[in-house]
Amino acid sequence: MGIPHLITFLQPYAEAESIVGRHVVIDGSGFAYHIYHACLSARPAAWNPFEAAPSYEELGKACIAWLDGLRDNGVEIKKIYFDGFLPPLKFDTRMKRLMRQTHQLSQYHVSNATPCRASFPPLDSLPGGPFHTASVKSKLSALPPSPFLVPAVLEALLDSDQYRERTEVVPGEADLYCAKYLSQHGGIVLTGDSDLLVHDLGNGAVSFFRDITPDKRALSVQVYRPTVIAERLDLPKSHGLHAFAFEISMDSHGTFRKLLADARTLKTATASPSEFKRFSKEYNQLTAPLEAKDPTNLFPLLRSLDPRISEYVLQYPYLARIARQDEVAKGSQTFHVFLPFLLDFPVRTNAWEVSTVIRQLAYGLINLIVPEDQQRLVVSEYRKQQDESTGRELQLPNLPQIPEACTAITTLYSQLQQNFPGVSRSEIWTAIAIHQEIEYSYSRAKTPLCKLVVQQLADLENEYNMRNKRRNLTWDIIQFFAQIQGSYYSFRILKQIMSLVVSHGPPQSLPEPLLHLHWQLESLPNLRDLPGLDSAPSIIGSLGKRAISIITSHPSMDEEATADPQESCRARKKKRKRNHSAAGASSGCQKPANPFELLGDA
C-alpha cells in the first residue's frame, strides 16, 4: 500500500542516474501491477476495463520483454521476490483492499447496464518500447485488475530459462527480502511501493518502475538513497527515515516543514511509543533463516507456489519451517484464505461458489502431511467483502472422505471425455466447469445459468444485431465466464497443493485415487492458455450447447422441467432433499448422483 505522500516529499532528494551496469532486485507483485497498467495503456481504443484488460498470455510476454529490456541495457537482475505469506499485522490492510474492490465492482455495475462490447480492440505495441509510460485513462482502471494477474506473471517467470532461478515466492513479505538482500549485497530495488524507503537497506537504494525512462543512449532512473536522504534531512541517526515516515502516518495532512521538524525531535515517536513500536515492527530486518532439514525436497515447491496458495499452506507451522519462514508462529485458531478477486455479476451468487467443494478438498489435503496437532477441519475463505465481517467458513473433508472425493472427480473427468469426443484434454476442464454450474443450480432448484447464456450468445449472432452492430456482452455472460475462471483456478489450487502432498510422500502412503487425480490434473491449462473474455462467446457457445444436451438428458432435470409451475422453488428444493434422503436411507451407503456432494454443502 505504501505511505501516502512519502515519495512526493522525498522526490527532490532523488538523483537521476543511469541504470546501466547496476545490480537490481525486483519486488515481484509491484512489477506485475506495473506491467498490467502498461498493457492497459496499449489499448487506447478500449471503452472500459473489460475491453482494456490484457490476456494472461499478453501479460507474460510483456513482463519478459520488460526484463529483457533491462538486461539489454547491462542491468544484472539478481532476484525477483513475490509475497508468499500474509503477516497478521497486514490482515486489516488486506480486508480494506477487498472491501474497496467489492465497492469498485458494485459501482461499475450500477453505472453500466452493459458491461462491455462482444469484440475487443487489439493490443497495440508500446510506441516507446517496454519502458514507455503512457498514462491510463481513468475509465480503464475503474475495476480491480485481472484476478490472476500476479500468478500469471509469476508463471511466465518460472517458465523462463532466463528468470526461473532468480524468481522466488518468499515465506513473508517481499519487501523484507528485498531489503535484506540490499543490506548484504548493495544494489537497487525496483518497486512501486514507498514502504521500501523506510526499510534498512544499508548502502542500497530504491527506484520506482514508473521512473525508468529511455534516454538517448541508455536507461535512466530516479534513485533514492535512504541513508543519504536521512542525513540531508538531519534526521536522528537512531531512527533515520522511520521517524519521518511515522510522522506522516500519524498526520497525513501535515506540511513537509512541520512533519520534518517533528521528526527531527522525535516528537510523535516519543509521545506515542507503543504506536511507534507497532509501526516500526513492519520494517524490522529479517533474522537469519531457520535451519530446517528438508528430506522431502519441498523447499523448491514452497518457493514457487502461487502467492495466495502459499499464504494458506504457510499457516501450518510444519510447512512454514520447511520454507524457512522468519519467526514461525504457532498457528492461529482460524486459518484464512483470501481468494483472487473475480469480476462477476454483483447481484448474483459469488462466482467462486460453484467450485467451492474443489477448494474444500484442496485445503483438506494438507492434513495428510502435517502433524495431527496442526490439522484443521475449518478454514475461513474471503471472496468479496461489504464490511469487516468474518469470511465464509468452510468445513474440510476428514481423511476417510479424501479418496472418495478424488475418485468422484476422476470419474467425472473420464465421463466427460467420453461425452465430448474430439475435445482436447485441456478443454475438458471447461466442460467440468459447466457441469459444476449445472449441478450447483440443480441442487438449489435453480435454472442453470448456462441455458440463459447460450441463448444470449445466440442473440448476439442474429442477423439484426450483426447488421446494426449491437453486439454487447451481458452481465450474465460476465458471471458465467467468471464462474469458469473460478473453476479453473480452484483446480489449480488443488493441483499445486496436491503436488506438495505427493512430493512429501511417500507415494505408497497416499490413496491411489489421489495419485490418479494428480496425474489427471497435469492436463489443466496454464494461466497463459486460459481463454480471455473476448473469446468467451466462441468457447461458451461451443461447449455450452453440448452442456445443454447433458442438462436435457439428466433425469432429475427432466423432473425439474415438468414440475408444477405453481410449486415454489423452495418447496421443490425441500421435496428433492426429502426424496434424496429417502433414497439414501433405502440404499444404505449409496453414493450421491452428484459427485460434488461428497463433501457436503459448504
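Here are some notes on this predicted model, point by point.

1. **The parallel sheet.** Start with the open sheet, where five strands run in the order S5-S3-S2-S6-S7 with parallel pairing. Its edges are strand S5 (167-170) and strand S7 (205-208), each pairing on one side only. From one strand to the next, the twist averages 25°. If you want a reminder of what holds such a thing together, strands of a sheet pair through backbone hydrogen bonds, either parallel or antiparallel.

2. **A look at one strand pair.** Strand S3 (residues 76-83) pairs with S5 through four bridges, in the parallel sense.

3. **The nonpolar cores.** Which residues touch the most other members of the largest nonpolar core? They are Tyr-312 and Leu-494, in a core of 135 residues. Helix H21 gives the most to this core, with 17 residues. Apart from it there is another core of 44 residues, including Leu-10, Ile-229, Ala-245 and Leu-259. As background, nonpolar side chains tend to be buried together in soluble globular proteins.

4. **Around Tyr-312.** Leaving aside neighbours within four places in sequence, Tyr-312 is in contact with Phe-335, Val-337, Tyr-363, Ile-366, Val-379, Leu-396 and Ile-497. That list is a handy selection to display if you want to see how this residue sits among its partners.

5. **Phe-480 in H21.** Phe-480 lies in helix H21 (residues 475-504). With a relative accessible area of 1%, Phe-480 falls under the 20% cut-off and so counts as buried. Along the sequence, Phe-480 and Ala-536 are 56 residues apart, while their C-alpha atoms are 9.3 Å apart in space.

6. **Salt bridges, starting with Glu-17.** A search of the whole structure turns up 25 salt bridges. One of them joins the side chains of Glu-17 and Arg-22, at 2.6 Å from N to O. Glu-17 is buried at 15% relative accessibility, whereas Arg-22 is partly exposed at 24%.

7. **A link between distant parts of the chain.** Glu-282 and Lys-90 also meet in a salt bridge, this one at 3.5 Å from N to O. The two residues are 192 residues apart: Glu-282 is in the loop between helix H12 (273-281) and helix H13 (299-302), and Lys-90 is in the loop between S3 and helix H5 (91-111). Glu-282 is partly exposed, with a relative accessible area of 27%, but Lys-90 is buried at 14%.

8. **Arg-392 with Glu-353.** In this salt bridge the closest N and O atoms are 2.7 Å apart. Arg-392 lies in strand S12 (residues 392-395) and Glu-353 in the loop between strand S10 (335-338) and H16, so the pair ties together parts that are 39 residues apart in sequence.

9. **A salt-bridge network.** Which residues are linked in a network of salt bridges? Glu-155, Asp-159, Asp-306, Arg-492 and Arg-528 are.

10. **Gln-374 in its loop.** Gln-374 is placed in the loop between helix H16 (356-365) and strand S11 (378-382). Beyond its neighbours within four places in sequence, Gln-374 is in contact with Tyr-316, Pro-317 and Tyr-318.

11. **Arg-232 and its partners.** Arg-232 is found in helix H8 (residues 226-232) and is partly exposed, with a relative accessible area of 47%. Setting aside neighbours within four places in sequence, Arg-232 is in contact with Tyr-13 and Glu-15. Tyr-13 is 219 residues from Arg-232 along the chain, yet their C-alpha atoms are separated by 8.4 Å.

Note on methods
Residues numbered from 1 in each chain as written. Predicted model: local features only at pLDDT ≥ 70, side-chain atom pairs only at ≥ 80, totals over all residues. Heavy atoms only, no water. Contact = heavy atoms within 4.5 Å. Pairing = 2+ DSSP bridges. Axes fitted to C-alpha atoms, helices over the stretch in contact; angles between N-to-C directions. Buried < 20%, exposed > 50% of the residue type's maximum accessible area, 1.4 Å probe, protein only. Core = buried A, V, L, I, M, F, W, Y, C linked by side-chain atoms within 4.5 Å. Salt bridge = Lys/Arg side-chain N within 4 Å of Asp/Glu carboxyl O.
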